[in-house]
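Here's a quick walk through the model you have open. Keep the structure in view as you read.

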Amino acid sequence: MVPHFKRQIASGGPLTITHPDMERFMMTIPEAVQLVIQAGVKAQGGEIFVLDMGKPIKIMDLARDLICLSGLEPDKDIEIKIIGMRPGEKIGEELLTEEERTHVKKMNQMFLVPRESIDEELINRLREAFTRMPTNGDETIQILKLLLPNFPYTN
């Protein structure tokens, strides 16, 4: 995202974001690699490790900050244009579901999701569904809604 915004600033703008309230987690590649290596060392087999990526960052704030760091003024020197969300895109990201949060164990900068909270039948149904995945996006969403009824889908 940052390189994309830098290219847009270098070309005089506008910076394009999909929604003014959009938030995403940010982590550097070295941070992520270090945590993945730590997870590999701690793993005993079958666990799920979720990286603790801190608090999400508003994309609008990131865009404005990058414009300012470039010595320019947002909305004066560089326009920020809202282009609209893409199908299936969400305003924010969730690392864990509410149910998972009740079972996880915090380890340094990772969450360990216990094996007993993994629904093996669901995993097998997902694997089967994805091996014969339709090419039509609407059909795909319908299958996912059947398999993951608690997931918050948006159109």
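This is a predicted model: local features need pLDDT of at least 70, side-chain atom pairs count only at pLDDT 80 or more; totals for chains, interfaces and linings use all residues.

Let's start on the inside. The largest nonpolar core has 13 residues, and the members touching the most others are Phe5, Leu15, Ile17, Ile67 and Ile80. Three elements each put in at least two residues: α1, β1 and α3. Of these, α3 gives the most, with six residues. There's also a second, separate core of seven residues, with Ala39, Leu51, Met107 and Leu112 among them.

Ile67 is worth a click. Skipping its neighbours within four places in sequence, Ile67 still contacts Ile9, Leu15, Leu72, Glu73, Pro74, Ile78 and Ile80.

Now for the helix pair. How do α1 and α3 pack? Their axes sit 10 Å apart, at an angle of about 50°, so the two helices are oblique to each other. The crossing of α1 past α3 is right-handed. On the α1 side, Val2, Phe5 and Ile9 make the contact, while α3 brings Ile59, Leu62, Ala63, Leu66 and Ile67.

On to the sheet. Three strands make an open, antiparallel sheet, ordered β3-β7-β6. That leaves β3 and β6 at the edges, each pairing on one side only. On average, neighbouring strands here are turned by 30° against each other, ignoring direction. Between β3 and β7 there are four bridges, in the antiparallel sense, and Val50 can be found opposite Phe111 of β7. Helix α2 packs on this sheet and touches β3, β6 and β7, with its direction at about 155° to that of β3.

| β3 | 48-51 |
| β7 | 110-113 |
| β6 | 105-107 |

Finally, the backbone. Most residues other than glycine have a negative phi, and most peptide bonds are trans. Two spots in this model go the other way. Gly13 and Pro14 are joined by a cis peptide bond, with omega about 0°; Pro14 belongs to the loop between α1 and β1. Then there's Asp75, which isn't a glycine but has a positive phi of about 70°. Where does Asp75 lie? Look in the loop between α3 and β5.

Notes: Residues are numbered from 1 along each chain as its sequence is written. Side-chain values use heavy atoms; hydrogens and water are left out. A nonpolar core is a set of buried Ala, Val, Leu, Ile, Met, Phe, Trp, Tyr and Cys residues joined through side-chain atoms within 4.5 Å. Buried means under 20% relative accessible area, exposed over 50%, partly exposed in between (1.4 Å probe, protein chains only). Contact means heavy atoms within 4.5 Å. Two strands pair if DSSP finds at least two bridges between them. Axes are lines fitted to C-alpha atoms, for helices over the stretch in contact, and angles run from 0 to 180 degrees between N-to-C directions. Angles under 35 degrees count as roughly parallel, over 145 as roughly antiparallel, 65 to 115 as roughly perpendicular and the rest as oblique. A crossing is left-handed if the near helix is turned anticlockwise from the far one by less than a right angle, and right-handed if clockwise.
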